[in-house]
Amino acid sequence: APSDPDLVARAWAAKQALGEKVFILGHHYQRDEVVQFADVTGDSFKLARDAADRPDAQYIVFCGVHFMAESADILTSASQQVLLPDLAAGCSMADMATAEQVEQCWDVLADLGIADRVVPVSYMNSSADIKAFTGRHGGTICTSSNAERALTWAFEQGEQVLFLPDQHLGRNTAVRQLGLSLDECVLYNPYKPMGGLTAEQLRGAKMILWRGHCSVHGRFTPECVDDVRERIPGVNVLVHPECRYDVVEKADYVGSTEYIIKALEAAEPGSAWAVGTELNLVRRLANAHPDKQIVFLDKSVCYCSTMNRIDLPHLVWTLESLVAGKPVNRITVDPRTAEQAHSALEQMLALP
Ligand code: 13P
Ligand code: SF4
């Protein structure tokens, strides 16, 4: 639906009144009505770097989800304020690993005498607590665009990796990019004693994958790929690495949101593409490239409901709160957690 013209005018007016004081970041999964106001758009890696590169902006308005705003707060100075236009914009994947569960898992590894050879690698899509845990134990953060580099680095530091919280990104990267076998990966279920694994399995695994996933990307199945290949002969299937292993195996290309955007920019006019990632992005790409046939991989719609919580009314409310000098929805991470999480994020930014 077209945006309310009154709200559009109010958003522009507030943004103009704030000038350089405000910097608006927009993740690729955000709605068009929000993205039009973003000073930069990007995947979670690019946005984390962009936030860190803006020391002059007093306010960072993060149009994305909670863990991204937390990361921005960790990477910016204490005088800068990070705001999330709707506090209910969480991430179901990030919520699948709580600090308590991860500490319990680490105790299991310590009791088995293997904790000192395990390096934690945590996906950006995790809470600040999980990032702090990762930093405390000498690990690194990764995103979907540097997971291979992060895992390669981690296997230089230790013999085993505990990958949190997205099992699919962990498995896809370990097997397809590092050449591990599926048998070298085990799945740790935080709701079962010892993760539902035996001591032998935990000791023998190269990759201990946390049992988390993205409910949006989990909707794509191998049947979706077969189906679109039947409907559109010659179609190129391009998916995000948060998709299941059996889906990624059937695809032609795999990469982060930033990779997907570049691949479609470079695609030949007249070529056909089925894209397995969030729908706001796929629709925007289809509109941006009318000379290419770009379709959504699934037949049903598949938005990220929490990303979609950030809408124009929330953005206007947030910007106007800044104009009024009464900022709403500030995201802060306590200094101790921030310091430990910072070391894991710094490690990611320093990856070769
Ligand atoms: P990227 O933007 O890093 O590709 O991640 C996708 C995602 O699901 C963010 O929540
Ligand atoms: Fe989380 Fe998936 Fe939504 Fe990304 S798309 S914010 S991983 S639920």
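This is a predicted model: local features need pLDDT of at least 70, side-chain atom pairs count only at pLDDT 80 or more; totals for chains, interfaces and linings use all residues.
Guide: A residue is near a molecule if its C-beta atom, placed from the backbone, lies within 6 Å of it.

Visitor: Which residues surround ligand 1?

Guide: Ligand 1 is surrounded by His 28, Asp 43, Ser 44, Phe 45, Cys 91, Asn 125, Thr 143, Ser 144, Cys 214, Glu 242, Ser 256 and Thr 257. Sorted by class, its shell has 7 polar, 3 nonpolar and 2 charged residues.

Visitor: How many residues surround ligand 2, and which are the closest?

Guide: The count for ligand 2 is 13, the closest being Cys 91, Met 93, Cys 214, Val 216 and Cys 304. Its shell has 8 nonpolar residues, along with 4 polar and 1 charged.

Visitor: Now the chain as a whole. How many helices and strands does the protein chain have?

Guide: The protein chain has 15 helices and 13 strands. Its radius of gyration is 21 Å, close to the 20 Å that the globule rule gives for 352 residues, so the chain is as compact as a globular protein of that length. Along the principal axes, the C-alpha atoms fill a box of roughly 65 × 55 × 35 Å.

Visitor: What share of the residues count as buried?

Guide: Of the 352 residues, 48% count as buried. As for contacts between residues at least 6 apart in sequence, 68% join residues at least 24 apart.

Visitor: How should I read a strand such as β1? Is it buried or exposed?

Guide: Start with the general idea: in a regular strand the side chains alternate between the two faces of the sheet. In strand β1 (residues 22-27), 6 of the 6 residues are buried, so the strand is largely enclosed by the rest of the structure. One side carries Val 22, Ile 24 and Gly 26, the other Phe 23, Leu 25 and His 27, and all are buried, so that both faces are covered.

Visitor: Which strands does β1 pair with?

Guide: β1 runs parallel to strand β3 (residues 59-63), joined by 5 bridges, and Leu 25 has Phe 62 as its bridge partner there. With strand β2 (residues 40-42), β1 pairs in the parallel sense over 3 bridges; here Gly 26 is partnered by Thr 41.

Visitor: What is the strand order in the open sheet of 5 strands?

Guide: The order is β6-β5-β7-β9-β8, with parallel pairing. The edge strands β6 (140-142) and β8 (185-188) each pair on one side only. From one strand to the next, the twist averages 25°.

Visitor: What is the strand order in the open sheet of 4 strands?

Guide: That order is β11-β10-β12-β13, and the pairing is parallel. β11 (253-254) and β13 (293-296) are the edge strands, each pairing on one side only. Strand β12 (residues 272-276) is joined to β13 by 4 bridges, with Ala 272 partnered by Gln 293. Helix α13 (residues 279-288) packs on this sheet, touching β12 and β13, at about 165° to the direction of β13.

Visitor: Where is Met 194, and what is its phi?

Guide: Met 194 is in the loop between β8 and α9 (199-204), and its phi is positive, about 50°, although it is not a glycine. With 17 other C-beta atoms within 10 Å, Met 194 is partly exposed.

Visitor: What about phi of Asn 329?

Guide: Asn 329 has a positive phi near 55°. Asn 329 sits in the loop between α14 (312-323) and α15 and counts as partly exposed, with 19 C-beta neighbours inside 10 Å.

Technical notes: Residues are numbered from 1 along each chain as its sequence is written. Chains are lettered from A and ligands numbered from 1 in the order in which they are written. Ala, Val, Leu, Ile, Met, Phe, Trp, Tyr, Cys and Pro count as nonpolar, Asp, Glu, Lys and Arg as charged, and the others, Gly among them, as polar. Helices (H or I, at least four residues) and strands (E, at least two) are DSSP runs, numbered from the N terminus. The radius of gyration is taken over C-alpha atoms; the globule rule is 2.2 Å times the number of residues to the power 0.38. A residue is buried if 20 or more other C-beta atoms lie within 10 Å of its own, exposed if 12 or fewer, and partly exposed in between; C-beta atoms are placed from the backbone. Two residues are in contact if their C-beta atoms, placed from the backbone, lie within 7 Å. Two strands pair if DSSP finds at least two bridges between them. Axes are lines fitted to C-alpha atoms, for helices over the stretch in contact, and angles run from 0 to 180 degrees between N-to-C directions.
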